[in-house]
Amino acid sequence: MNYIDKVLTLEEAAELWGKSTDSLRQACIERNGKPPRFKIGVEARQSKRIWLVTYDGMKRLYGEPMK
């Protein structure tokens, strides 16, 4: 797998893992004083309005992809 293939938009990740983009977006932000589930700057980052996550970060949180 190429390095660029390890970076996914939330939409791509949601499709591969069978999750909603909203649940993945919630995992990227701090909520009610709890830190984000993704390691920001390592497994996820925001580029303008688009959240990007790594394949490895998704695997850590959700296991192997469905597809």
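Predicted model: local features only at pLDDT ≥ 70, side-chain atom pairs only at ≥ 80, totals over all residues.

A: Let's start with the word itself: on a 1 Å grid over the protein atoms alone, a pocket is an open set of points where a 1.4 Å probe fits, with protein on both sides within 12 Å along at least five of seven lines, and lining residues have an atom within 4 Å of a point. Residues are numbered from 1 along each chain as its sequence is written, and side-chain values use heavy atoms, with hydrogens and water left out.

As for pLDDT, that's the predictor's confidence in each residue, from 0 to 100. The protein averages 95 on that scale, and 99% of its residues score at least 70.

Now for your pocket. Its volume is about 270 Å³, where a volume is the space filled by probe spheres set on the points, with grid points joined across faces, edges and corners. Thirteen, written 13, is the number of residues lining the largest pocket, and Y3, V7, V42, E43 and T54 are the ones nearest its centre. Two or more lining residues come from each of β2, β3 (50-54) and α3 (55-62); these labels are DSSP runs numbered from the N terminus, with helices being H or I of at least four residues and strands being E of at least two. The top contributor is β3, which gives three residues to this lining. Strand β2 covers residues 44-47, and with a mean pLDDT of 96 it scores lowest among the elements, whereas helix α1 (residues 10-17) scores highest at 98.

What sort of residues line the largest pocket? They split into seven nonpolar, two polar and four charged. Here Ala, Val, Leu, Ile, Met, Phe, Trp, Tyr, Cys and Pro count as nonpolar, Asp, Glu, Lys and Arg as charged, and the others, Gly among them, as polar.

For contrast, there's the second largest pocket, at about 160 Å³. Its lining has five nonpolar, three polar and four charged residues, and helix α2 (residues 21-28) supplies the largest share, three residues.
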